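Here is a friendly walk through one protein model. Please keep the sequence and the 3D view side by side as you read.

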Amino acid sequence: MVAVTTETKSAGGKMFVGEVVSDKMKKTIVVKVVRTLRHPFWGKIIRQHKKFKVHDELNTAKIGDMVEIKESRPLSKDKYMTLVRILTKP
């Protein structure tokens, strides 16, 4: 499933929409955020993705869910996002 992300800037940091690709860790999920942009020289529309480790305190998100995440203070070595809400379930 390919999703187009929306990136918004809020008072607490950037917010992204992405798909959960892993929920194997305790209180942590991995979210794949896909964004589309125009190539600076060729002008072709390209898709880029990035995976974020996201803090999920209650372990509510499962693989395949579309979620909204938000930037926060660093929570571990490579976890600096928190789960805001689950948008859709598969």
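The paragraphs below take up strand pairing, then aromatic rings, and finally a serine.

A word on the ground rules: this is a predicted model, so local features need pLDDT of at least 70 and side-chain atom pairs count only at pLDDT 80 or more, while totals for chains, interfaces and linings use all residues. Residues are numbered from 1 along each chain as its sequence is written, and side-chain values use heavy atoms, with hydrogens and water left out.

Let's begin with strand β6. Strands here are DSSP runs of E with at least two residues, and helices are runs of H or I with at least four, numbered from the N terminus. Two strands pair if DSSP finds at least two bridges between them. Strand β5 (residues 66-71) runs antiparallel to β6, and six bridges join the two; E71, for instance, has M81 in β6 as its bridge partner. Strand β4 runs parallel to β6, joined by three bridges. Look for K53, which stands opposite K79 in β6.

Now turn to the rings. Rings of Phe, Tyr and Trp (its six-membered ring) pair if their centres lie within 6.5 Å; planes under 30 degrees apart count as stacked, over 60 as edge-to-face and the rest as tilted. A search of the whole structure gives three aromatic pairs. One of them is F41 with W42, an edge-to-face pair with 4.6 Å from centre to centre and 85° between the planes.

Another edge-to-face pair is F52 with Y80, whose ring centres are 6.2 Å apart and whose planes meet at 90°. Because F52 lies in strand β4 (residues 45-55) and Y80 in strand β6 (residues 79-88), this pair ties together parts that are 28 residues apart in sequence. F52 is buried, with a relative accessible area of 7%, whereas Y80 is partly exposed at 30%. Together with F16, F52 and Y80 form one aromatic cluster.

Finally, find S22 in strand β2 (residues 13-25). At 19% relative accessibility, S22 counts as buried. Which residues does S22 touch, leaving aside those up to four places away in sequence? With contact meaning heavy atoms within 4.5 Å, S22 touches I29, V30 and I63.

Methods. Buried < 20%, exposed > 50% of the residue type's maximum accessible area, 1.4 Å probe, protein only.
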